[in-house]
Amino acid sequence: MKLATLQRAVARAVMQPLTRSERMKRSAPGGGRMSTYAARYIKPNDRLTSFERLEIYNRQYWLRVLGALAEDFPGLRAVLGGQWFESMCKAYLTECPSRSFTLRNLGARLESWLRQNPSWMRDRQALALDMVRLEWADIEAFDGQAKPPLRSEDLREMQSPQLRLALQPYVQLLELRYPVDDLLLAVKHGEDTADFTSNAIQERKKRSKVRAVAKLEPAQIFLAVHRLDFSVYFRRIEPEDFALLGALRSGKTIERAIEFAFRKSAVPAADRAAFVQHSFQTWATLGWFCRPEEKHARRESPREKGIARNHE
Amino acid sequence: MPENKFNGFTNYGIGIGLRSPHYDHILSRKPVVDWFEIISENFMIDGGRPLHILDQILEQYKVVQHGVSMYFGSAEKPNREHLRRLKELVKRTKTPWLTDHLCWGSVDGRYTHDLLPMPYTFEAARLTARNVREVRDFLEVPIAVENVSSYAEFHVSEMTEWEFLNEVAERSDCGILLDVNNIYVSSQNHSFNPFDYVNSVPAERVAQIHIAGHSKFQKYILDTHDHPVIDPVWKLYERAIQRAGHTATLLEWDDSIPSFQEVHREAKKANRFLADTSLAVAV
């Protein structure tokens, strides 16, 4: 038997969902009895049948991948409830098994999969989607790339209104329908202290978490998920900030980004200069700006190209 | 003998695995540790705290990279994106040698994130050796393959596990990371004499040794890295270093991780055996 054939067959069995009692299924992938399937490839020994030996790997696989998702998405777990969350994860992983060498990326397709399979979010679709987006942004912000921040001498060069700023890749911008940032922080805080509390206190925390989810009312928020001193923070921002940062990220010039940010703004025209100044000052202090990529730097207006040619 | 081309002609002594619960202790107390082993995949990222911690560790300690998902034994060739990221990390750590497991775990681009046992066939040895060579040539660093704990054996196997390990090592001219705990676990699960295994490994290829604890169940033993090293495993370790000499040794403790001091104390028990082995020769 070819190595590839054997590995494909064993992997199918290892990645096949477990039964409700977390045992290996009696039916094999593609039909037939799993005991026959296992015996085709695996030797029994004096203590374990082929089925039982294969089952060790089957159970370990699900323990590992379900544990990784539970660790990465505690907020979604709180929204959906523990049992439903686990069932949802099994369905997700069955359709979207890991395609990365690292478990860090296991939840990369969860948001898009939930959008295609909304029944897994029960009657909390908007809340669940907000939460999964926030938790994935949390992961991306934690270990995303940090480019050298913009220096003061870089800023001195940037006098032209046609110039652009880039945002640090680790800064994640979210428009959300629920204030899930507070909920996620509450959930994480509960987990952090769980080891040091009695069972009774843990039960109370669990009930209070459920109440917090049940009471959460929709309220549109704009969020920048970023990191400072290597810790991730959720920073609420104004709608104009969100639009401005998004426009800068998309490569718009500072001038156009500001115009875009205030298109539908209720901020009085007289207050906008101070608003922008305060925002830029804050973001610069937080180190969110870096030099734009070359592709943006090269995407200049015809007038600027003319100037460049004249210099040559 | 312990300094060989498979570990970059180094003699590193006793190390422990770098784990996040110990970061604060290591960075604030700066304990004397011969070297740290890192899990490569934890640092194959674009930025953030893990790399910041790693850079601080690298300023003060020697570091060796150990991987868990290269899957030398997969029928398909190594993933290029994986190799590219791994090479970036190799440049950062300047690891004198790099280790990963003699196992498989991915098929058609889908990952199980487990260390699945090999069928011990000549075809598998040939393909595995091809993959080891490709990784070594790409990374330009010596490679040592680690024997895994296993819970299943395949009907198609044509040789013992240690014969398979030797076959791969010879064909690819790679080093061996000899995990004596894994040998013990597999010997209990498959009913072989673990000393036959240790005695059959080419001592001149041993780049590093792993020691660890495990969990015993009613019908099998699971490699859990959540306990101290048991005496039978220390006996295998003693035999391994009688043959290979004063080899770089690392204690793995990955679950229910105790204090840094406790892990370090457990690792340093290896000194009891290393003291008399500076002139060891293979027998």
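**Notebook: a sheet, its helices and a chain contact**

I began with strand β3 (residues 221-228) of chain A, which is joined to β4(A) by seven bridges, the two strands running antiparallel. I note at the outset that the model is predicted. I then looked up one residue of this pairing: F222(A) has I237(A) as its bridge partner in β4(A).

**The sheet**

I next traced the sheet of chain A. It is open, has three strands in the order β2-β3-β4, and its pairing is antiparallel. Which strands stand at the edges? I found β2 (172-176) and β4 (231-237) of chain A there; each has a single partner strand, so one side of each is left without a neighbour in the sheet.

I turned to helix α7 (residues 125-143) of chain A. This helix lies across β2, β3 and β4 of chain A, and it runs at about 170° to β2(A). I looked up the length of α7(A): its 19 residues reach 28 Å from the first C-alpha to the last, close to the 27 Å expected at 1.5 Å a residue. Is α7(A) mostly covered or mostly uncovered? I recorded that α7(A) is mostly covered, with 15 of its 19 residues buried.

**Two crossing helices**

I recalled that two packed helices are described by the angle between their axes and the distance between the axes. For helix α2 (residues 34-41) and helix α3 (residues 50-72), both of chain A, the axes come within 8 Å and cross at roughly 90°. Angles of 65 to 115 degrees count as roughly perpendicular, and α2(A) and α3(A) are therefore roughly perpendicular to each other.

Which residues meet here? On the side of α2(A) I listed M34(A), S35(A), A38(A) and A39(A); on the side of α3(A) I listed S50(A), F51(A) and L54(A). By class, the residues of this contact of α2(A) with α3(A) are five nonpolar, two polar and no charged.

**The contact between the chains**

Finally, I examined where chain B touches chain A. Chain A gives 39 residues to the contact and chain B gives 37. On the side of chain B, the elements that give two or more residues are α2 (49-60), β5 (104-107), β6 (110-116) and α4 (122-139) of chain B. Of these, β6(B) gives the most, with six residues.

How values were computed. Residues numbered from 1 in each chain as written. Chains lettered and ligands numbered in written order. Predicted model: local features only at pLDDT ≥ 70, side-chain atom pairs only at ≥ 80, totals over all residues. Contact = placed C-beta atoms within 7 Å. Helix = DSSP H or I, 4+ residues; strand = E, 2+ residues; numbered from the N terminus. Axes fitted to C-alpha atoms, helices over the stretch in contact; angles between N-to-C directions. Parallel < 35°, antiparallel > 145°, perpendicular 65-115°, else oblique. Nonpolar A, V, L, I, M, F, W, Y, C, P; charged D, E, K, R; others polar. Pairing = 2+ DSSP bridges. Expected span 1.5 Å × (residues − 1). Buried ≥ 20, exposed ≤ 12 C-beta atoms within 10 Å, placed from the backbone.
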